[in-house]
Amino acid sequence: MFLYTDPGLVFLIIALAVVLIFIIIVLAKCIVVVPQAHTVVVQRLGKYHKTLQAGLHILAPIIDSKAKVVSLKETVADFKPQPVITKDNVTMQIDTVVYFQITDPKLYTYGVDNPMNAIENLSATTLRNLIGDLELDQTLTSRDTINQKMRLILDEATDPWGIKVTRVELKNILPPKDIQEAMEKQMRAERQKREAILTAEGVKQATILTAEGHKESAILNAEASRIQVVKEAEGKAEAILRLAEAEAESIRRINEAKPDAAYVTLKGFEALQKLADGQSTKIVVPTEIANVTGLLGAIKDTLSEKK
């Protein structure tokens, strides 16, 4: 079955469809959704118009366009190693890491062409200037100082670009191979030196402590001997004193009892008996005892005659 169609009507339908599709595309481009931590720089007829923050926005058709989408997150840029020369003419390779954040999207969009390349070249030249004023040893021991100076210089230089440099770090410092070998030998010699010093100090301390121990031991032994002699002497003196006190007490009591002549004579006999039992070859006899002995002898002779 043949269906007749007017060519003009078909053309009109196609034209309306194309226009409708074009309108849909234009309207779709006019609707802009900005994600969090991002901004969109908008141009109107080629000139900066406004900066869109996070959220839904609608642009004017045809006359408005997105110039650039800018991230507000902190960005890390790791630049390749740069050859630098120290004050004492040592060439080394140093690579830097720069942390920065975009604070003004407009300045970042229109302030400099290719901002990352600009930051890289600026960090390289700044690093060469700083290292050129330092010797090798100072470069290796002054990382914090170099980092701080570079951050201040880069932050000031990138401020017109709407960039805030928050931190700069020297990632690696690579001296020439022969310098590294010399430094390793120097560090090895220094460690051996410290080891020898510590060993000598240990031997010295051990010798001193041993001598002090012997000294303390001798002093304690002498003190113990002295105390022992003193205690023995005090013991003997105490014994003699006790014996003398006992004898004095005995004599005192005898005197208080007022002994008669018979008791005195009996004690004389006892003393004479002890003298006779001794090893002495001479015996001294008191007069009273001798008289008594003579008396006893006379009594004995009388008794013998009577028998």
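L45 is exposed, with a relative accessible area of 70%. Here buried means under 20% relative accessible area, exposed means over 50%, and partly exposed lies in between (1.4 Å probe, protein chains only). This is a predicted model, in which local features need pLDDT of at least 70, side-chain atom pairs count only at pLDDT 80 or more, and totals for chains, interfaces and linings use all residues. Residues are numbered from 1 along each chain as its sequence is written, and side-chain values use heavy atoms, with hydrogens and water left out.

**Two positive phi angles**

L45 is not a glycine, yet its phi is positive, about 55 degrees. L45 sits in the loop between β2 (38–44) and β3 (47–52). Helices (H or I, at least four residues) and strands (E, at least two) are DSSP runs, numbered from the N terminus. N114 is also not a glycine and has a positive phi, about 60 degrees. The loop between α2 and α3 holds N114. N114 is partly exposed, at 42% relative accessible area.

**The chain as a whole**

The chain has 8 helices and 9 strands. Of its 307 residues, 21% count as buried. Its accessible surface is about 22,500 Å², and 60% of that belongs to carbon and sulfur atoms. Accessible areas come from the Shrake-Rupley method with a 1.4 Å probe; for residues, only the protein chains shown count as cover. Contact means heavy atoms within 4.5 Å. Take the contacts between residues at least 6 apart in sequence: 61% of them join residues at least 24 apart.

**Helix α3**

Helix α3 (residues 115–132) has 18 residues. From first C-alpha to last, α3 reaches 26 Å, close to the 26 Å expected at 1.5 Å a residue. The expected span is 1.5 Å times one less than the number of residues in the helix.

Which residues of α3 are buried? They are P115, A118, I119, E120, L122, S123, A124, T126, L127, L130 and I131. The cover over these buried residues includes the strands β7 (82–85), β8 (91–102) and β9 (163–174). It also includes the helices α2 (105–110), α4 (136–141) and α5 (143–158).

**Salt bridges**

Side chains of opposite charge can pair when their charged atoms come close. A salt bridge is counted when a side-chain nitrogen of Lys or Arg is within 4 Å of a carboxyl oxygen of Asp or Glu. The whole structure holds 8 salt bridges. The table gives three of these pairs.

| Pair | N to O distance |
|---|---|
| E169 and R167 | 2.9 Å |
| E190 and R194 | 3.9 Å |
| R242 and E238 | 2.8 Å |

How exposed are the partners? E169 is partly exposed at 25% relative accessible area. R167 is partly exposed too, at 47%.

E190 and R194 both lie in helix α6 (residues 177–257). They are 4 residues apart, about one turn of the helix. E190 is partly exposed, with a relative accessible area of 36%. R194 is partly exposed at 44%.

R242 and E238 also belong to α6. They are 4 residues apart, which means a separation of about one helical turn. R242 counts as exposed, at 51% relative accessibility. E238 is partly exposed, at 35%.
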